[in-house]
Amino acid sequence: KPPNIDQSIVLLQKYHSKISSQEALTMLPNDTSFSKIHDYISNVLTHQESHRRQNKILLQLLRKQHLKTAAQKKHLERKYVVLTRETICANPNCGRRFQKDGAFARLPNGEVMHYACYEKN
């Protein structure tokens, strides 16, 4: 029994967003008239244009977020801490001085703690 082209086109129109248009069009017989698939092609193009616009908006939002994050990073990198021999850990249970090569954590208020003391808090 030959395939029912009209029913196939109805299915293509109904599920145009879920079926690859490139594959679907190659499966149709070469003598299929454009007037039969016009609505399907129109739906596919409308869907693709909508998807393209959504991606463009998303791209702009991501660029804006990237710029904001880069500005925040630059601002935070300007803040620095100078540790001297007199610098003492801000953890009230510690009170020790920092070693030359010890790891430390800078708190938002500018104080510094040994990294291990920070992890315990």
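Q: Is Cys-89 buried or exposed?
A: Buried: this is a predicted model, and in it Cys-89 has a relative accessible area of 5%.

Q: And how many disulfides does the count come to?
A: The count comes to 0 disulfides.

Q: Which cysteine sulfur is nearest to that of Cys-89, then?
A: That of Cys-117, 3.9 Å away. A disulfide needs the two sulfur atoms within 2.5 Å, so Cys-89 is in no disulfide.

Q: What about Cys-94, which sulfur is nearest there?
A: Cys-117 again, with its sulfur 3.8 Å away. Cys-94 is in no disulfide either.

Q: OK, switching to rings. How many aromatic pairs are there?
A: The count is 2 aromatic pairs. One of them is Phe-98 with Phe-104, 6.3 Å centre to centre.

Q: What's the geometry of that Phe pair, stacked or edge-to-face?
A: Edge-to-face, with 80° between the planes.

Q: And how accessible are Phe-98 and Phe-104?
A: Phe-98 counts as buried at 12% relative accessibility, while Phe-104 is partly exposed at 36%.

Q: What about the rings of Tyr-115 and Tyr-118, how are they arranged?
A: Their centres are 6.3 Å apart and the planes sit at 40°, so that pair is tilted.

Q: Where do Tyr-115 and Tyr-118 lie?
A: Both are in helix 4, which covers residues 115-120. Tyr-115 and Tyr-118 are 3 residues apart, about one turn of the helix.

Q: How accessible are those two, Tyr-115 and Tyr-118?
A: Tyr-115 is partly exposed at 41% relative accessibility, and Tyr-118 is partly exposed too, with a relative accessible area of 39%.

Methods. Residues numbered from 1 in each chain as written. Predicted model: local features only at pLDDT ≥ 70, side-chain atom pairs only at ≥ 80, totals over all residues. Heavy atoms only, no water. Buried < 20%, exposed > 50% of the residue type's maximum accessible area, 1.4 Å probe, protein only. Phe/Tyr/Trp six-rings, centres within 6.5 Å; stacked < 30°, edge-to-face > 60°. Helix = DSSP H or I, 4+ residues; strand = E, 2+ residues; numbered from the N terminus.
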